[in-house]
Amino acid sequence: MDAVSEESLRRALAEKQSAIDAQGNAVRALKASKADKSELQGAIDALNALKLGKSSLEKKLQAAVTGGGPAEGALTREAFRQAVGNTLERRLFYIPSFKIYGGVAGLYDYGPPGCAVKSNVLSFWRQHFVLEENMLEVDCPCVTPEDVLKASGHVDKFTDLMVKDEKTGDCHRADHLLKDFCNEKLQKDLTITAEKSQELKHVLAMLDDFSSEELGAKIKEYGITAPDTKNPLSDPYPFNLMFQTSIGPSGLIPGYMRPETAQGIFVNFKDLYYYNGNKLPFAAAQIGQAFRNEISPRQGLLRVREFTLAEIEHFVDPEDKSHPKYLEVENLEFLMFPREEQMSGQSAKIIRLGDAVSKGIVNNETLGYFIGRVYLFLTRLGIDKERLRFRQHLANEMAHYAADCWDAEIECSYGWIECVGIADRSAYDLRAHTEKSKVALVASEKFAEPKEVEKLVITPVKKELGLAFKKRQKNIVEALEAMNEKEAMEMKSSLESKGEVEFFVCTLDKYETIKKNMVSISKEKRKEHQRVFTPSVIEPSFGIGRIIYCLFEHCFYTRPSKAGDEQLNVFRFPPLVAPIKCTVFPLVQNQKYEVVATAISRSLTAAGISHKIDVTGTSIGKRYARTDELGVPFAITVDSTTSVTVRERDSKDQIRVNVEELAAVMRSVTEGQTTWADVWSRFPHHSAGSTNESED
């Protein structure tokens, strides 16, 4: 339901409450005056009718604000999350790290099936991106010297605002407390006015743009306290999220555990460009661990202190951001949420990718191409396309240097979760490392014939800048030299007409007054044999743990046992990511069947198919239920020495396959060369009753 409907429901509810109050007063007045019994009963009936109307409005409003179901929808969502979490921990997909010592918030261990799912996701990521695009894969250290992260801006700016419980000293992330308060009010307090609802939604939209003072003022205005103790909170202050360390025994080389893998690629650009034959475009990729010292980690795998990132840095000529394979994805249609729709209170809508690029909603073809490839990657993993959207960053979310940014957001029981960021970061990173390291991270385009070109020349007058700005001179020189042609010519025009101009210096985060004698800006004609430039970078960055958790939720469902007396858990993983591709069950504990099962196991191993043999004496039905709960797509029941039954997990359909053909059939269906529907049409069908599939 859209925002207009929600607003009208809140107004109607307020009017209904006013009518109830007035009718309640009328009933009390009639009782006080000892009015006629029939008149009093009529007034009471009218009051009850109004209360029923209010209840109906409350249910509609609850459905509007929670995005589904009646008032108990939120509870159902939490119950679903609990069921998924319990199953994942009990079947050892993942568990809290150091559990026997009480665990540490934000740290988790993947168990055997979790490791297998993660390995399969990363294997498909390499196939879908690295192999498909001929990317250059690197593997860089987790420990990073301070100079690198100083240049990238992480040392100074990689912070969240934190508040402390003034009595216990417990720390909380300030924006999360405000966000939780607003969401709680919007979703559970049906008495707030339409105006208050709009105010809270505006706060949520502007959350990323609040300064520490503005955030603190809102926390005080709404009376927000520490969530566990209800104690008062300190004013917000910045906390750097990087884990600090020192390199070497002397402790003289400061370093950090990397907060992202991208910087390792940027600092190696020169060597990678040479390795690629000094040609653009090209992409480098890296899978590795990253570390963020989260203030108050929560939401399981969604917000952790150590996690796996898979990042791509696609280097491209800033004057040509076309992509040769763009036509392969331009006809894809999926949910997109451009910033205009967000600002006007609309919802995400299905848009053809080619239309989004041609209309300028998506900045360029290369960015659009990667958005399309990310969509295909996630949906082939098993993410529900109805619960996947691409949301464009609002202006207040984007870094000053970014040309355009989109997040692939997946809906789960925690709401819409950012799982992949796809950003056009312009040339910021390579320029920052060039400036800090004094090594030119540039590319070149050689001309067939020398060209006469008009070059922009920006010459800061360092003496005048030094006198005026003292220690800030370096920041201002860097900002002046980084101006593009449009910015520079606008400054030149303003200086000539007014003698001074207000200039925003991003590294100081404020405006400074630049006077005419402080900088010279001109254009000069030169003959050049080549064009030297700093490449732009398009960066898709994948949070693997977040994707996997959303995949767990999207694949989880329950179904009744055959007897109908219990609900059985199932993960409907596609064979591509399933932790085990098939199980092998001898129907009964019989030596001849176990010999066949062992031979089948050897053939499956030779074919590279992960599997598990279950020779326990329990019923086939119970063994099916155990493997369904692990998300195993196929179960092979050995009930003959020459042929076997193959059961598909979700349909429970069964076919007969000769033992000699089995490994080839399993390989083709688990690797996606054929579908279960193809196999079902080719082989004899088998009745479930003859293998005694009892679920109890």
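Which residue in E29 is the bridge partner of Gln654? In this predicted model, that partner is His686. The contact belongs to the link between E28 and E29, two antiparallel strands joined by two bridges.

Zooming out, E28 and E29 sit in an open sheet of six strands, laid out in the order E25-E24-E26-E27-E28-E29 with mixed pairing. The edges go to strand E25 (611-613) and strand E29 (685-686); each has a single partner strand, so one side of each is left without a neighbour in the sheet. As a general point, strands of a sheet pair through backbone hydrogen bonds, in either a parallel or an antiparallel sense.

The parallel sense turns up between strand E24 (residues 582-586) and strand E26 (residues 634-638), which share five bridges.

Thr645, for instance, has Arg656 in E28 as its bridge partner. E27 and E28 make a hairpin, with five residues between the two strands. In that turn, Lys652 takes a positive phi of about 65°. As for cover, strand E28 (residues 654-658) is mostly tucked away, with four of its five residues buried.

Elsewhere, the surface carries a patch of negative charge where Asp208, Asp209, Glu213 and Glu214 gather. Glu213 is part of helix H9 (residues 212-221). Its relative accessible area is 59%, so Glu213 counts as exposed, the cut-off being over 50%.

Definitions and conventions:
Residues are numbered from 1 along each chain as its sequence is written. This is a predicted model: local features need pLDDT of at least 70, side-chain atom pairs count only at pLDDT 80 or more; totals for chains, interfaces and linings use all residues. Side-chain values use heavy atoms; hydrogens and water are left out. Patches are made of residues with over 30% relative accessible area and no salt bridge: like charges are joined within 9 Å, nonpolar side chains (Val, Leu, Ile, Met, Phe, Trp, Tyr) within 5 Å. Accessible areas come from the Shrake-Rupley method with a 1.4 Å probe; for residues, only the protein chains shown count as cover. A salt bridge is a side-chain nitrogen of Lys or Arg within 4 Å of a carboxyl oxygen of Asp or Glu. Lys and Arg count as positive and Asp and Glu as negative; His and the chain ends are not counted. The place of a charge is taken as NZ of Lys, CZ of Arg, CG of Asp or CD of Glu. Buried means under 20% relative accessible area, exposed over 50%, partly exposed in between (1.4 Å probe, protein chains only). Two strands pair if DSSP finds at least two bridges between them.
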